[in-house]
Amino acid sequence: MDRKITVKGIGHITAKPDYVVIHMTIDETNKKYEKAVEDASDRINKLSSALSNIGFEKDALKTADFKVNIATGYKKNLKGVSEVVKTGFTCTYRMKLAFDFDGEKLSEAIDAITKCVSDPRLNITFTVKDEEAVKDELLKSAGANARRKAEILCEAAGGKLGNLVTVNYNWNEISILSPTRFDSDYLFDTAELCSEMPMFAPESIQPDDIDLSDDAVFVWEIV
């Protein structure tokens, strides 16, 4: 009878953020579809120009998402009952600017964006540039953890670890993001505050490390 041992390996690593992504959202609503798109595009162009003025490439600002939805409102009918009516179109651009993390560069970018008349909503996240390398290290950690457990258990039972039979992994996507975040919803309350907001001091921007864990199930022979 073949003897086997099944062990769950749990990997854990800590990664230092070295990449920053500034997410920007611009909304424009107008009665006419073409005008909504045109106004939104104009704000994007002004935003791109503001970033170019501080040294970013013209194509550094990327479009993450674009959509146009029907805008609605309420209007009372002849009976005095409020009804949902079409009021126009809302064009939404979601843009992103990603670059190697540098406190001073990030401060300059935030300052340029918040002073720009385009006035986008901001959300800033910190991650790693080489995600695959981090994921590889995490899997190696899980494998080493499983083997160490299996060897200890086999030795305690008077046996030795044999050949690896199977590995089961769930392949779920892992989010590699620092818990440190910036969001304009609480940084800025009005457009006027945006224009008056000073640059962030470089030394004040120190994103927290990224703690990651993952697991896989390993099956070995016992000899």
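**Entry 1: a sheet**

In what order do the three strands of the open sheet stand? I found β1-β8-β6, with antiparallel pairing. Two strands pair if DSSP finds at least two bridges between them. Strands (E, at least two residues) and helices (H or I, at least four) are DSSP runs, numbered from the N terminus. I am working on a predicted model, where local features need pLDDT of at least 70, side-chain atom pairs count only at pLDDT 80 or more, and totals for chains, interfaces and linings use all residues. Residues are numbered from 1 along each chain as its sequence is written, and side-chain values use heavy atoms, with hydrogens and water left out.

β1 (4–15) and β6 (161–168) are the edge strands, each pairing on one side only. I counted twelve bridges between β1 and β8 (residues 210–222). Ile-10 stands opposite Asp-215 in β8. From one strand to the next, the twist averages 35 degrees.

I then looked at helix α3 (residues 131–156). It lies across β1, β6 and β8, at about 140 degrees to β1. Axes are lines fitted to C-alpha atoms, for helices over the stretch in contact (heavy atoms within 4.5 Å). Angles run from 0 to 180 degrees between N-to-C directions.

**Entry 2: aromatic pairs**

I searched the whole structure and got six aromatic pairs. Rings of Phe, Tyr and Trp (its six-membered ring) pair if their centres lie within 6.5 Å; planes under 30 degrees apart count as stacked, over 60 as edge-to-face and the rest as tilted.

Tyr-33 and Phe-89 have ring centres 5.8 Å apart and planes at 90 degrees, so I noted this pair as edge-to-face. Tyr-33 is in helix α1 (residues 33–52) and Phe-89 in strand β4 (residues 82–100), so the pair ties together parts 56 residues apart in sequence. Are these two residues buried or partly exposed? Phe-89 is buried at 17% relative accessibility, while Tyr-33 is partly exposed at 38%. Buried means under 20% relative accessible area, exposed over 50%, partly exposed in between (1.4 Å probe, protein chains only).

Phe-66 and Tyr-93 make a tilted pair, 4.8 Å centre to centre with 50 degrees between the planes. Phe-66 sits in strand β3 (residues 62–76) and Tyr-93 in β4, 27 residues apart.

**Entry 3: nonpolar cores**

A nonpolar core is a set of buried Ala, Val, Leu, Ile, Met, Phe, Trp, Tyr and Cys residues joined through side-chain atoms within 4.5 Å. The largest has 29 residues, and Met-24 is one of those touching the most other members. Helix α1 gives the largest share, seven residues. Apart from this core lies another, of 19 residues, among them Val-7 and Phe-218.
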